[in-house]
Amino acid sequence: MTATLNPYLGFSDQAREAIQFYASVLGGEPRIMTFGDMGTEGPDATKVMHAQLETPDGFTLMASDAPADMPLSQGSQISVSLSGDDAEALRRYFTGLAEGGQITMPLEKQVWGDEFGMLVDKFGIQWMVNVGTGGGQD
């Protein structure tokens, strides 16, 4: 069972360009999934829902574009992501980090098959938690 912590970068419309740039500098091949890949239609369909870069040196960097109904505000361009397959530990982290903060998306099963949730802790730091089922990206 594992859990990892890595930066998750938020963009308005530049996630694909950014993750490809980081790959050119840090190495590795980015994996990119769009909102359209998950069934979204319209102007958000081509935006990046999730991009992940794993480098030869062991770095993991994730990124996404904000959909139109979730615009980025100053200071929200980076979140801390916890992910892995240790469901018990990850659920415990989510609950603990939410104490005194605000859950912005409950930790629940998503269209890609994993459990996923978001929160802002009591210090204003954004967190994302993904409990992998083995079939989704984590």
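User: In which strand is the place of Thr104?

Analyst: This is a predicted model, in which local features need pLDDT of at least 70, side-chain atom pairs count only at pLDDT 80 or more, and totals for chains, interfaces and linings use all residues. Residues are numbered from 1 along each chain as its sequence is written, and side-chain values use heavy atoms, with hydrogens and water left out. Strands are DSSP runs (E, at least two residues), numbered from the N terminus. Residues 102-109 form the strand that holds Thr104, namely S6.

User: Is Thr104 buried, partly exposed or exposed?

Analyst: Buried means under 20% relative accessible area, exposed over 50%, and partly exposed in between (1.4 Å probe, protein chains only). Thr104 has 45% relative accessibility, so the residue counts as partly exposed.

User: Which residues does Thr104 touch, not counting those up to four places away in sequence?

Analyst: Contact means heavy atoms within 4.5 Å. With residues up to four places away in sequence not counted, Thr104 touches Met118, Leu119 and Val120.

User: How are the rings of Trp112 and Phe116 arranged as a pair?

Analyst: Rings of Phe, Tyr and Trp (its six-membered ring) pair if their centres lie within 6.5 Å; planes under 30 degrees apart count as stacked, over 60 as edge-to-face and the rest as tilted. The structure holds two aromatic pairs. For Trp112 and Phe116, the ring centres are 5.6 Å apart and the planes stand at 65°, so the pair is edge-to-face.

User: Is Phe116 buried or exposed?

Analyst: The relative accessibility of Phe116 is 12%. At that value, Phe116 counts as buried.

Key. Helices (H or I, at least four residues) and strands (E, at least two) are DSSP runs, numbered from the N terminus.
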